[in-house]
Amino acid sequence: MDPQTSRSTNSAPSAARSTLAGGLRVTPFELFGERAVAASAPTAPAPEAPSSSTGVAARPGHAFLFKEPSDVPLLVSSNCPTTLCNYRCTYCYLDHDGRDGATEDKAVVHWNRTVDRIATIPRPLYLAIGTEGEPLTVKPFWETLRRLSARENVKGFWFPTNLSRPIEKLAEGVDIGKLGLTASLHPSEFKDHDRDLDLFLSRCRWVVDNGGSVVINFILTPGQFELFPVYRYIARQHGIAMTCNVFKGEFEGKSYPDAYTEADHARIEEFFADRPLVHHYMSGAPSRGVACHAGQDALEVHPVTGQVLNCPFAQEKMGSIWDDDFQIRTKPSACSTDWCQCHWTIGLMAEVTKKFKRTRAIFDFEAREPGEVGEHPFA
Ligand code: SF4
Ligand code: SF4
């Protein structure tokens with residue numbers, strides 16, 4: 001998959017380095033110390049949320065998430081806690097070799113409980129499922145998608161993948177009409193470039209032909225810039241949309257995106273010509289104070305503890321998914337952090353929402369009709 005995507009959807013470093021109450025930074029796997037499990041992770045599914053009010057009033061500007069059904073779609077991000085990946089991209093900052101399979105398996109069991117709890121939210125739901133590895137290599141992941149497929153209120157689920165394995169077999173029983181993918185293109189990992197590129201594109205095509213939504217993503221590591229327009233041309237020939245992500249991290253001793261040159265920025269701006277705000281914010285423009293739908297139309301849920309944040313970057317603590325009285329915002333609020341780092345979170349900003357609507361492939365925005373002013377990212 002795409003570590004830059006993963007970062008943005010909280011797996012690494014957010015799931016990998018989530019901040020719990022008290023400012024302690026831990027990985028989800030470190031949570032399996034006895035005390036943490038006893039304190040945070042439920043051992044049995046929580047009872048159904050009561051349908052009648054307990055008499056506690058919602059705070060001003062908030063509504064009860066489980067007690068007040070709504071037709072407004074909600075995006076919930078909760079990452080599958082696994083680090084297994086069959087690729088070793090040189091620019092990947094994730095640790096695929098130091099994985100502890102048994103601990104990860106336990107974390108996936110807890111994540112499944114979290115996902116099932118999320119699925120009881122009485123709203124149309126879009127689930128964003130990142131990982132710190134490659135979902136095609138994780139069998140239980142597909143069981144989760146089969147369960148979600150059967151839920152009427154779950155309108156879509158998204159994940160990033162390198163599409164290196166036959167998704168058409170793995171996805172048996174999954175409602176492809178609900179599937180959104182960010183297909184991360186990593187040509188450096190191809191053994192036979194033309195053959196593997198053909199396979200990658202044919203898998204994208206299979207998903208689209210069966211009603212799914214796909215956007216190919218490409219990481220703009222230094223030296224790869226000129227490849228992006230070439231691959232985008234090929235993808236378009238196959239009828240698949242393609243986008244790119246700025247590189248965030250260390251590469252050959254330099255830190256990105258700060259180390260991008262003027263010329264790099266000019267190229268990136270050109271690549272994002274149809275969505276200038278994405279380039280603006282992904283390149284490091286401050287987001288603090290910007291009106292945003294995070295915490296209102298989107299939530300970030302820790303896969304193991306169920307702690308809810310407004311988004312992976314601002315990380316405002318909103319409560320626990322296991323609290324029947326959990327309250328969600330009813331209007332946009334000001335961003336409380338300096339840098340909104342990724343497409344999909346930038347798409348939650350009110351100024352973007354007014355002009356664009358999100359799709360199931362959550363890196364994608366559809367332009368609204370002329371004169372239409374959007375009030376929610378998914379509606
Ligand atoms: S495909 Fe695997 S190795 Fe490559 S960037 Fe994604 S997670 Fe990292
Ligand atoms: S602008 Fe971005 S970082 Fe800020 S609250 Fe919204 S989604 Fe989060």
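Modeller: Let us begin with strand 13, residues 298–301, where A298 and E300 point one way and L299 and V301 the other way, and all of them are buried. A residue is called buried if 20 or more other C-beta atoms lie within 10 Å of its own, exposed if 12 or fewer do, and partly exposed in between, with the C-beta atoms placed from the backbone. Strands here are DSSP runs of E with at least two residues, helices are runs of H or I with at least four, and both are numbered from the N terminus. This is a predicted model, in which local features need pLDDT of at least 70 and side-chain atom pairs count only at pLDDT 80 or more, while totals for chains, interfaces and linings use all residues. Residues are numbered from 1 along each chain as its sequence is written, and chains are lettered from A and ligands numbered from 1 in the order in which they are written.

Now to the partners of the strand. Two strands pair if DSSP finds at least two bridges between them. Strand 4, residues 74–77, pairs with strand 13 in the parallel sense over three bridges, and S77 has E300 as its bridge partner. Strand 14 pairs with strand 13 in the antiparallel sense over two bridges, and here E300 stands opposite L309.

Strand 13 and strand 14 form a hairpin with five residues between them, and G306 in the turn has a positive phi of about 80 degrees. Most residues other than glycine have a negative phi, and most peptide bonds are trans. Against that background, Q315 has a positive phi near 55 degrees although this residue is not a glycine. Q315 lies in the loop that runs from strand 14 (307–309) to strand 15 (317–320), and it counts as partly exposed because it has 16 C-beta neighbours inside 10 Å.

E252, in the loop between strand 10 (249–251) and strand 11, has a positive phi of about 50 degrees and is not a glycine either; with 11 C-beta neighbours inside 10 Å, E252 counts as exposed. A cis peptide bond, with omega about 15 degrees, joins Y256 and P257, and P257 is found in the loop between strand 11 (254–256) and helix 9 (262–271).
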